[in-house]
Amino acid sequence: MRRLSVGAVAFLSVAGLLITIGWFRLAGSASPIGGSIPIDGIKLPVTVHVDSFGIPHAFAAGEHDLLRALGYLHAADRMWQMEYMRRVASGRLAEIFGPGLLSTDRFLRTLGLWDAAER
């Protein structure tokens with residue numbers, strides 16, 4: 001019985017540690033909500049308000065500055081999706097999701113999406 005409780009405590013400790021590490025990794029990858037970020041190419045100040053649903057609303061004096069800020073916001077929120085799609089096109093999903101996707105990677109490399117994109 002003592003062996004079981006020691007194993008349970010060890011398991012819960014490791015699980016708690018992994019959950020804590022995962023939480024901080026996810027929180028650190030979120031887009032910044034407050035503060036100021038200098039972006040090349042923006043001439044006049046752009047104000048971004050994030051509502052209670054997490055939707056950013058950008059306000060600027062000129063269309064050029066607004067579109068540049070919109071591009072930054074879009075890329076910041078879609079970074080994981082862009083990385084995932086890059087790996088799909090290059091047939092490198094097994095690197096992050098494990099060996100179960102090796103056959104999928106082989107198929108995607110056979111399609112040659114990455115080579116076509118480079119050409």
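**Surface, fold and aromatic contacts**

Tutor: This is a predicted model. The accessible surface of the protein chain is about 9800 Å², and 66% of that belongs to carbon and sulfur atoms.

Student: What share of the 119 residues is buried?

Tutor: Buried residues make up 11% of the protein chain.

Student: And how many helices and strands?

Tutor: The protein chain has six helices and two strands. Along the sequence, the pattern reads α-β-β-α-α-α-α-α.

Student: What about contacts across the sequence? What percentage joins residues 24 or more positions apart?

Tutor: Take the contacts with a separation of 6 or more: 22% of them come from residues 24 or more positions apart.

Student: Strands next. Do strand 1 and strand 2 pair in the parallel or antiparallel sense?

Tutor: Antiparallel, over five bridges. Strand 1 covers residues 46-50, and strand 2 covers residues 56-60.

Student: Which residue is the bridge partner of Val48?

Tutor: Ala58, in strand 2.

Student: How many residues sit between the two strands?

Tutor: Five, and the two strands form a hairpin. Gly54 is in the turn, with a positive phi of about 85°.

Student: Switching topic. How many aromatic pairs does the structure hold?

Tutor: Two. Trp80 and Phe97 form an edge-to-face pair, with 6.4 Å centre to centre and 85° between the planes.

Student: Where do Trp80 and Phe97 lie in the chain?

Tutor: Trp80 is in helix 3, residues 79-90, while Phe97 is in helix 4, residues 94-97. They are 17 residues apart, and the pair links distant parts of the chain.

Student: Trp80: buried or exposed?

Tutor: Exposed, because its relative accessibility is 56%, and the cut-off for exposed is over 50%.

Student: And why does Phe97 count as partly exposed?

Tutor: Because Phe97 has 44% relative accessibility. That lies between the 20% and 50% limits.

Student: Which residue forms the other pair with Phe97?

Tutor: Tyr84. That pair is edge-to-face too, at 6.3 Å centre to centre and 70° between the planes. It also links distant parts of the chain: Tyr84 in helix 3 and Phe97 in helix 4 are 13 residues apart.

Student: What's the relative accessible area of Tyr84?

Tutor: 31%, so Tyr84 is partly exposed.

Student: So which residues form the aromatic cluster?

Tutor: Trp80, Tyr84 and Phe97 form one cluster.

Student: Which residues form the nonpolar patch on the surface?

Tutor: Trp80, Tyr84, Met85, Ile96 and Phe97. Together they have about 520 Å² of accessible area.

Student: Which elements give two or more residues to that patch?

Tutor: Helix 3 and helix 4.

Student: Which gives the most?

Tutor: Helix 3, with three residues.

Student: Last one, Ser90. Where does Ser90 lie?

Tutor: In helix 3.

Student: Buried or exposed?

Tutor: Ser90 is buried, because its relative accessible area is 12%, and buried means under 20%.

Student: What does Ser90 touch?

Tutor: Arg109 and Trp114, leaving out residues up to four places away in sequence.

Student: Can you sum up helix 3 for my notes?

Tutor: Helix 3 carries Trp80, which pairs with Phe97 of helix 4. Tyr84 of helix 3 is also in a pair with Phe97. Helix 3 gives three residues to the nonpolar patch. Ser90 lies in helix 3 as well, and Ser90 is buried.

Definitions and conventions:
Residues numbered from 1 in each chain as written. Predicted model: local features only at pLDDT ≥ 70, side-chain atom pairs only at ≥ 80, totals over all residues. Heavy atoms only, no water. Phe/Tyr/Trp six-rings, centres within 6.5 Å; stacked < 30°, edge-to-face > 60°. Helix = DSSP H or I, 4+ residues; strand = E, 2+ residues; numbered from the N terminus. Buried < 20%, exposed > 50% of the residue type's maximum accessible area, 1.4 Å probe, protein only. Contact = heavy atoms within 4.5 Å. Patch = residues over 30% accessible without salt bridge, like charges linked within 9 Å, V, L, I, M, F, W, Y side chains within 5 Å. Areas by Shrake-Rupley, 256 points an atom, 1.4 Å probe, with all protein chains shown as cover. Salt bridge = Lys/Arg side-chain N within 4 Å of Asp/Glu carboxyl O. Pairing = 2+ DSSP bridges.
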